[in-house]
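Reader: Please walk me through this model. I want bonds, a pocket and a sheet, with cut-offs.

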Amino acid sequence: MKFSIALVVATSLYAASSVTACAGSSSGVNRRAELIRRANSVPVLPPTVERLPTSLDSLLGSSGGREALKSKFATGLHLIQLAGNQKVWMTEDQILTELIQKHVRFFDLTDQPLDVVADNLRVVNSADQTFAATAIPTTLTQKTLVNSLIPKISKANLNSTLTTLSNFYNRYYTSTYGVQSAQWLFDQASTIANSTAGKTVKASVKKFTHTWAQFSVIATIPGSSAEKVIVGAHQDSINQSNTAGRAPGADDDGTGSVTILELFRILVEAGFVPTKTLEFHWYAAEEVGLRGSQAIANNYKSASAKVAGMLQLDMTGYRPTAPGVIGLVTDYVSAPLNTFLKLLIDNYATIGRTEFKCGYACSDHASWYQSSFPSVCPFEATIGTDNPNIHTANDVIKNLVNFDHMVQFARISLGFLVELGSSA
């Protein structure tokens with residue numbers, strides 16, 4: 001996920017010992033407020049960073065302007081959009097030192113078609129987005145089925161797959177390890193799809209390739225309708241101190257990645273045939289500007305695909321105190337879909353919920369929001385009470401990953417897929 005306290009735990013202000021106290025203390029409240037402020041603020045960038053006009057219409061609306069943008073891309077510069085509708089050109093080194101390491105959230109628009117960039121750049125505020133009309137259930141009609149599937153969630157499977165995934169040296173989007181881990185996920189999903197049960201429900205798995213090494217993975221259980229219900233997670237990891245270093249990413253976002261793999265297994269083995277088409281996404285390059293999910297969301301938008309809802313699982317394993325809570329992101333999401341998610345939590349989870357603002361370009365759900373598709377993002381905690389080890393070599397299973405907490409997110413995600421996937 002793109003907000004992090006991992007790099008600052010080395011300083012006295014954000015010492016790891018303060019993390020456990022933050023939930024109930026005034027200093028913790030101030031710390032959370034500071035993290036939110038920093039994540040959403042427009043950074044003070046060095047003068048070497050080239051700013052673009054707030055509106056790019058003049059550039060994108062002319063062939064000369066488009067060629068000028070293409071020539072910039074050809075030099076290796078990245079087109080970055082920040083909160084406050086600020087757009088800048090940055091090198092990869094600047095992105096790391098001025099944005100990622102300073103916990104500034106952003107979209108990297110470099111790989112997106114210019115016509116899509118022009119459209120998406122106009123969506124800059126949390127309250128600005130509109131979505132295509134789609135019927136989101138206000139009641140639950142599949143309780144018997146969902147409750148019969150919940151016992152099939154296996155903590156042993158979650159542990160086993162997360163152990164393997166987090167044992168890759170890192171899953172950085174340009175590294176050999178990032179490709180190997182993506183291939184491993186693809187192979188795991190393919191084994192499920194190619195099983196007898198998988199063939200019965202006509203499940204399939206494909207690679208979605210990008211301009212960088214790591215590919216995204218999409219698994220599908222087709223329905224009688226082409227309208228899609230999507231659950232997603234990001235497969236990449238990052239060590240913010242050294243992108244070539246060890247980055248196990250057990251919680252961020254190994255937990256989300258193996259959870260949706262488990263969901264795919266359960267629904268295939270149950271022979272579930274949905275009304276709407278179900279998709280399971282593992283995104284590349286989330287940690288560097290939501291690049292993989294942007295590419296897929298923009299591809300679907302260009303193809304006029306219909307998406308009933310997208311649910312992002314980005315970090316589901318850290319429980320600062322028992323029994324834990326499910327944090328609901330309330331900004332840059334679909335309010336009606338969030339209301340539906342609350343209904344799922346109240347009926348299918350055994351822990352409570354809370355709400356918080358995650359901010360601009362928080363995780364991959366923001367790519368779908370930006371492309372006018374309804375999306376939501378349940379989270380393991382809230383800002384400032386999340387896992388303090390992410391984006392470091394210490395994000396390993398033994399440091400704070402709780403499988404009981406992961407099961408709660410699997411429960412509500414099964415509800416999301418079955419209830420929304422069964423609706424007309």
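**Disulfide, salt bridges, pocket and sheet**

Author: C358 and C362 form a disulfide, with 1.7 Å between their sulfur atoms. The term covers a pair of cysteine sulfur atoms within 2.5 Å. The model is predicted: local features need pLDDT of at least 70, side-chain atom pairs count only at pLDDT 80 or more, and totals for chains, interfaces and linings use all residues. Residues are numbered from 1 along each chain as its sequence is written, and side-chain values use heavy atoms, with hydrogens and water left out.

Reader: How many disulfides does a search of the whole structure find?

Author: C358 and C362 are both buried; buried means under 20% relative accessible area, exposed over 50%, and partly exposed in between (1.4 Å probe, protein chains only). C377 is in no disulfide, its nearest cysteine sulfur, that of C362, being 5.9 Å away. C377 is itself buried, at a relative accessible area of 0%. Searching the whole structure gives a count of 1.

Reader: How many salt bridges does a search of the whole structure find?

Author: Side chains of opposite charge can pair when their charged atoms come close. The cut-off for a salt bridge is a side-chain nitrogen of Lys or Arg within 4 Å of a carboxyl oxygen of Asp or Glu. Over the whole structure the search finds 11.

Reader: Is D111 buried or partly exposed?

Author: D111 forms a salt bridge with R291, with closest N and O atoms 2.7 Å apart. D111 sits in the loop between β4 and α5 (114–120), 180 residues from R291. R291 is buried, at 5% relative accessible area. At 25%, D111 is partly exposed.

Reader: What separates E269 and R265 in helix α10?

Author: E269 and R265 form a salt bridge, with closest N and O atoms 2.8 Å apart. E269 is exposed at 54% relative accessibility, while R265 is buried at 16%. Both lie in helix α10 (residues 250–269), 4 residues apart, so the separation is about one helical turn.

Reader: Which helix gives the most to the lining of the largest pocket?

Author: On a 1 Å grid over the protein atoms alone, a pocket is an open set of points where a 1.4 Å probe fits, with protein on both sides within 12 Å along at least five of seven lines; lining residues have an atom within 4 Å of a point. The largest pocket holds about 170 Å³ and is lined by 13 residues, with E92, D93, L96, Y172 and Y173 nearest its centre. The top contributor, with 4 residues, is helix α4 (residues 92–99).

Reader: Which residue in β13 is the bridge partner of L328?

Author: An open sheet of 3 strands runs β11-β10-β13, with mixed pairing; strands pair if DSSP finds at least two bridges between them. The edge strands are β11 (352–356) and β13 (378–379), each pairing on one side only. Strand β10 (residues 325–329) and β13 are antiparallel, joined by 2 bridges. The partner of L328 is P378.

How values were computed:
Grid points are joined across faces, edges and corners, and a volume is the space filled by probe spheres set on the points.
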